[in-house]
Amino acid sequence: MSEFRIHHDVNELLSLLRVQGGDGAEVYIELLQKNRTPYVTTSVSAHSAKVKIAEFSRTPEDFLKKYDELKSKNTRHLDSLVYLLSKLTEDKETLHYLQQNAKERAELAANSATSSSTNFSIPSSTSKMSLQELEELRKQLGSVTANSSAQQPLELTRKMLRDKQNKKNSGQPIPVFPSWVYERPALIGDFLIGTSLSTDTTVPIGTLPLASQESMIVEDLLYVLIGVDGRYITAQALVGRQNRAFSLDPNLDLSIKELVTRILPVAASYSAVTRFIEEKSSFEYGQVNHALAAAMRTLIKEYMILITQLEHLQRQGLLSLQKLWFYIQPTMRTLEILASLATSVDKGECMGGSTLSLLHDKTFNYTGDSQAQELCLYLTKAASVPYFEILEKWIYRGIINDPYSEFMVEEHELQKEKIQEDYNDKYWDQRYTVVQQQIPSFLQKMADKILSTGKYLNVVRECGRDVTCPVAKEVIYTLKERAYVEQIEKAYNYASKVLLDFLMEEKELVAHLSRSIKHYFLMDQGDFFVHFMDLTEEELKKPVDDIITTRLEALLELALRMSTANTDPFKDDLKIDLMPHDLITQLLRVLAIETKQEKAIISADPTELTLSGLEAFSFDYIVKWPLSLIINRKALTRYQMLFRHMFYCKHVERQLCNVWISNKTAKQFSLHSAKWFAGAFTLRQRMLNFVQNIQYYMMFEVMEPTWHILEKNLKLVSEV
């Protein structure tokens, strides 16, 4: 976490807690920075923290229920938060303060609610509904909810996702399934509620002998296990995303009913997985969820083969209820895991990287259960294939092809030419950004390098050169994170070297810095400035509004041609810039960026006096892409402020030298009268010495040594 982020969070916390006075945020920030450690909350510490909070809480059941709910949604940093809360339970003083603060906030909220509620009154009811009308209305609402609660939200979700993705891919709309896919529920493979497909008359099962009851129930179970209602076992309607429940004939023998209730969770799991597969197979939910659904579909096919074989045994009269229970055992665990994953992805509304994070965490959680871990590993590998295809294109070629917004790097539309118009390097900082919730947990440590690798290659591609990493290998999901680290490191080193060589050799970055930036902005080219100031002296004395910029440009070109700067190949990139405010105002505006004073400074009148050309004058420099990533507007603004200060010092020195020349006329006076000039001459000489010495100090004691350090560091750089 950066220093600025810590500063922001501490101030935000102090504001929420309404802490005023004291030593301020700086003390807490300093303490946090001193005590930061790379400590990561482990599952053991998280479990003990959870137990501690549950013991401390007045309603431990509610806390544990909420924790499990958030955990099932794969909420990030949950364990770290729980660990922090467990530490707070040990600090009585802090707890007392927080309780007091919460009480005060609640009172404030209640007072504001009371004051706002005084503006209106609740009208009294003039008519009442009868009990019969109320019951009828309840039934109607219940039937509407049962019919549309599952479908309407799904339709709305699909539409919302589709609109978002079409907005992102305006030129290439995403494909959509035809409407009949959703309008025909019989295609889904799950239970059809409210439609009885069977025309057989049902014999009351309580009147049948035990053997016949078992035979009928086995037949029913084989239907229920593939999502079809039986005669005596029927599925109940779903409300929201709850698990499927079943109704059993109450006259069924108790011994049979006991065994049936053990088998029915398999049917409930099958129902949950089938719904998940059908829902996530839609294009709107992205490629990762689609791949996960496809992998689950493969496993469900194997399950269906098993049920077909059991049906064959049942027709031959070789399948009893006990045998069915025995044969279903291996599949029971598999479907339970699949249903658990499906429910977690649904609850967390996971897509792309967040789905992979959930699968990865589940895979690790099943350590010790080889069968469950192998199953999760298979699903994670299958689901990660489309994500890794996007990753490979990004780190090996610098291209993002992410139509469903699943990848950890998001692209924003920005024009690289605008980089010259902003103080901050927006193209580099904002064109590509990391989306935290889409970073798979197993790539979290490498997220910044993944972002930089693609950025480097993308810059070279923007310049018309096609680049492909020569050490490119297929990225395959594995529990060994070192495999990813090595591949990403190799891609990063290659991308960094390609861009560095491109900037240094082909685009001549060092030459631009040493020949142009240093010569012109740091006034390293002495004869050029003598020629230029001689030519423009009269023009720059005018008020800035009276200066003709094209005339200054012509004089600048003449000075460049007449001096040794004529040998500079980049001299045509030097331009004139007349600033709208003086140097002090410019400094204040820069220092006020992202502060409370920013609006006041920007709206304030820059100066009451009319600026002269000398006060407003500065050089500007045209930097072409991709050098503008390094010599950006922020850097050029700093060079301009240095130049304006140095240029004005040079102007003052020239003025004092002109005074010295004019003072030579004093020689024609007699010695007696010339002594009156002695004080003025001494003052002029002292001012001239001061100006020359401060210029010498700035140029040779400050800028020149620092420039040598810059050049030395540039020769040693190994990455951008």
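Predicted model: local features only at pLDDT ≥ 70, side-chain atom pairs only at ≥ 80, totals over all residues.
Asp-573 sits in the loop between helix H22 (549-562) and strand S5 (574-578). Is Asp-573 buried or exposed? Its relative accessibility is 11%, so Asp-573 counts as buried, since buried means under 20%.

Now show the surroundings. Setting aside residues up to four places away in sequence, Asp-573 touches His-512, Asp-620, Tyr-621, Ile-622 and Lys-624.

Next, select helix H18 (residues 447-462) and helix H19 (residues 482-506). Their axes come within 9 Å and cross at roughly 35°. The crossing of H18 and H19 is left-handed.

Colour the side chains where these helices meet. From H18, pick Lys-449, Ile-450, Ser-452, Thr-453, Tyr-456, Leu-457, Val-459 and Val-460. Across from them in H19 are Ile-488, Glu-489, Ala-491, Tyr-492, Tyr-494, Ala-495, Ser-496, Val-498 and Leu-499. Twelve residues of this contact are nonpolar, three are polar and two are charged.

Stay on Ile-450. Beyond its neighbours within four places in sequence, Ile-450 contacts Leu-391, Trp-394, Ile-395, Phe-407, Met-408, Leu-443 and Ile-488.

Zoom out to the largest nonpolar core, which has 87 residues. Which of them touch the most other members? They are Ile-217, Leu-321, Leu-443 and Ile-450. Select helix H11 (residues 254-280) next: H11 supplies the largest share of this core, 13 residues. Domain 3 (184-195 + 208-349) and domain 4 (397-506) each give the core at least three residues.

Last stop: a second, separate core of 53 residues. Among its members are Tyr-492, Tyr-520, Phe-532 and Ala-559. Tyr-492 also belongs to the H19 side of the contact with H18.

Key:
Residues numbered from 1 in each chain as written. Heavy atoms only, no water. Axes fitted to C-alpha atoms, helices over the stretch in contact; angles between N-to-C directions. Helix = DSSP H or I, 4+ residues; strand = E, 2+ residues; numbered from the N terminus. Left-handed = near helix turned anticlockwise from the far one by under 90°. Contact = heavy atoms within 4.5 Å. Nonpolar A, V, L, I, M, F, W, Y, C, P; charged D, E, K, R; others polar. Core = buried A, V, L, I, M, F, W, Y, C linked by side-chain atoms within 4.5 Å. Buried < 20%, exposed > 50% of the residue type's maximum accessible area, 1.4 Å probe, protein only. Domains from an automatic or database assignment.
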